[in-house]
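Okay, thanks everyone, let's get going. Have the model up on your screens and I'll talk you through a few spots in it.

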Amino acid sequence: DYEKNMAAIVNACLEAGCVPLLSTIPPILNRDARVKEINDVVAKLAAEKKVPLADFHAEILARQPGTAWDGTLLGKGDVHPTGGKNLDFSEANLKVCGYALRNYVTCKALKEIVAKCF
């Protein structure tokens, strides 16, 4: 039902004249297959509907491969981004502050929206 429900949300946004911004979910310890399944649906919908995608998952793994993100970009054993210097977008900080990385990924996607829509 996830794909059907997410498609309905995206369609409703588009019909209302909004530009939906889809985002992948972050890694979850010992749930790689399920995370991939969900993120594949999100990416597929973004491509099919021609809406922007903020690939938070890929950005996390690019900076903290394997499970190095656990306790750095995401809370230890958790899916929530870590805090700290949330508005410091230096590459060094984007490796250790999950909220800065989340903000960075979202701003990149918003830049794409502005460039293509306005």
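So, disulfides first: the structure holds 0 of them, counting a disulfide as a pair of cysteine sulfur atoms within 2.5 Å. Cys97 is buried, at a relative accessible area of 1%, whereas Cys107 is partly exposed, at 46%. Buried here means under 20% relative accessible area, exposed means over 50%, and partly exposed is in between, with a 1.4 Å probe and protein chains only.

Quick housekeeping. This is a predicted model, so local features need pLDDT of at least 70 and side-chain atom pairs count only at pLDDT 80 or more, while totals for chains, interfaces and linings use all residues. Residues are numbered from 1 along each chain as its sequence is written, and side-chain values use heavy atoms, with hydrogens and water left out.

Staying with Cys97 for a second, look at Gly83. Gly83 sits in the loop between H3 and H4, and it is partly exposed, with a relative accessible area of 46%. Gly83 and Cys97 are 14 residues apart in sequence, yet C-alpha to C-alpha they are 5.6 Å apart in space. If you leave aside neighbours within four places in sequence, Gly83 is in contact with Cys97 and Tyr99, where contact means heavy atoms within 4.5 Å.

On the H4 side, Phe56, Glu59, Ile60 and Arg63 of H3 meet Gly98, Leu101, Arg102, Tyr104, Val105 and Lys108.

Last one: how do H3 and H4 cross? Their axes come within 10 Å and cross at roughly 130°. Axes are lines fitted to C-alpha atoms, for helices over the stretch in contact, with angles from 0 to 180 degrees between N-to-C directions. H3 and H4 are therefore oblique to each other; under 35 degrees would count as roughly parallel, over 145 as roughly antiparallel, 65 to 115 as roughly perpendicular, and the rest as oblique.

Notes: Helices (H or I, at least four residues) and strands (E, at least two) are DSSP runs, numbered from the N terminus.
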